[in-house]
Amino acid sequence: MSRRRITGSRMLITGAAQGIGKALAEAAAAQGAKVLAVARSSELLRELTAQVRAQGGTMEAVAADITEPNDRERLVEAALDHFGGLDVLVNNAGIGATGHFMEAAPERLRKIMEVNFFGVTEMVRLFLPLLRAGNHPAIVNISSIAGKRAIPARSEYSASKFALQGFSEALRAELAKDGIDVLVVCPGLTDTNFSKNMLEQKARMPVDPLRGMKPQKVAAATLRAIERGRHEVCLTLQGKLLVFVSRFFPRLADRIAARRVRQLFWDELQAGGAGKDHPALAEEEFAIKD
């Protein structure tokens, strides 16, 4: 039997205007949840709300930036005003960037941490009183496979998701006495506009989001996990494989990642006079050429 039902649950979802957040809001409303959709774009929220209501769903929307204290306070007021409280808090809003750390400005890391980590922790802090009074309450933090295994050229994003993972694990134990579940969802590559909305895209190896999981499938898996009281869900076969190799064969995972970076910088390393004995090339020179 399920730990909780989506039907009738009062659910707040951040980053609800696009991608996984939008799919979650649509799916939750379709299953009978009362959804408070949150995003920065008023226009996209209006479109989403109209669509959901036309299909018989219950949805209210608030345009807000989770990094702004005043906006976070408004969200608490909105949850009380519209639904009288909250049962499920879904922290989905996030931002990323690609490119090597040594080439990035300090502001990039701070912005990513502000949205992906501090915004989440402060949302949790403010909503804990409402969740304690909720029905079968849960906190759902949408993380990433990059929060289980860091990815080159995505160091700051990976760091923010590792921080979110640690926070969630500690919080889960702390809130057990209050009956509040903490679920971490780790999607792999997902077919969304996330890459288009990045702060910067400077990675040499492009990622094709069209090859990823559809956001509707991520949403369905997330809602099942919420109902079943799961603690963590990792998605996509490739993502699960990466987590498995990283956990049980960490040196192999390191070698694969390093080799890929050397491949991308092969021309520069050669042009710089690096010979066969150069530490960046010696170990796998012939394998990389192949």
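Trainee: What makes the crossing of helix 1 and helix 6 right-handed or left-handed?
Mentor: Helix 1 passes helix 6 in a right-handed crossing. The term is right-handed if the near helix is turned clockwise from the far one by less than a right angle, and left-handed if anticlockwise. This is a predicted model: local features need pLDDT of at least 70, side-chain atom pairs count only at pLDDT 80 or more, and totals for chains, interfaces and linings use all residues. Residues are numbered from 1 along each chain as its sequence is written, and side-chain values use heavy atoms, with hydrogens and water left out.

Trainee: Why is helix 1 called oblique to helix 6?
Mentor: The axes of helix 1 (residues 19–30) and helix 6 (residues 215–228) cross at roughly 55° and come within 8 Å. Angles under 35 degrees count as roughly parallel, over 145 as roughly antiparallel, 65 to 115 as roughly perpendicular, and the rest as oblique. Therefore helix 1 is oblique to helix 6.

Trainee: Which residues of helix 1 and helix 6 make the contact?
Mentor: Contact means heavy atoms within 4.5 Å. Helix 1 brings Gly19, Ile20, Ala23, Leu24, Ala27 and Ala28. Helix 6 brings Pro215, Gln216, Val218, Ala219, Thr222 and Leu223.

Trainee: How many of them are nonpolar, polar and charged?
Mentor: Nine are nonpolar, three polar and none charged. Ala, Val, Leu, Ile, Met, Phe, Trp, Tyr, Cys and Pro count as nonpolar, Asp, Glu, Lys and Arg as charged, and the others, Gly among them, as polar.

Trainee: How do helix 3 and helix 4 pack?
Mentor: Helix 3 and helix 4 (residues 106–132) pack at about 35°, axes 10 Å apart. Their crossing is right-handed. By class, the contact has eight nonpolar, one polar and three charged residues.

Trainee: Why does Thr67 count as buried?
Mentor: Buried means under 20% relative accessible area, exposed over 50%, partly exposed in between (1.4 Å probe, protein chains only). Thr67 has 14% relative accessibility, so Thr67 is buried. Thr67 sits in the loop between strand 3 (58–63) and helix 3 (69–83). Not counting residues up to four places away in sequence, Thr67 touches Arg72, Glu114 and Val115.

Trainee: What about Val245, buried or exposed?
Mentor: Val245 has 17% relative accessibility, so Val245 counts as buried. Val245 lies in helix 7 (residues 237–248). Val245 and Arg149 are 96 residues apart in sequence and 9.3 Å apart in space, C-alpha to C-alpha.

Definitions and conventions
Axes fitted to C-alpha atoms, helices over the stretch in contact; angles between N-to-C directions. Helix = DSSP H or I, 4+ residues; strand = E, 2+ residues; numbered from the N terminus.
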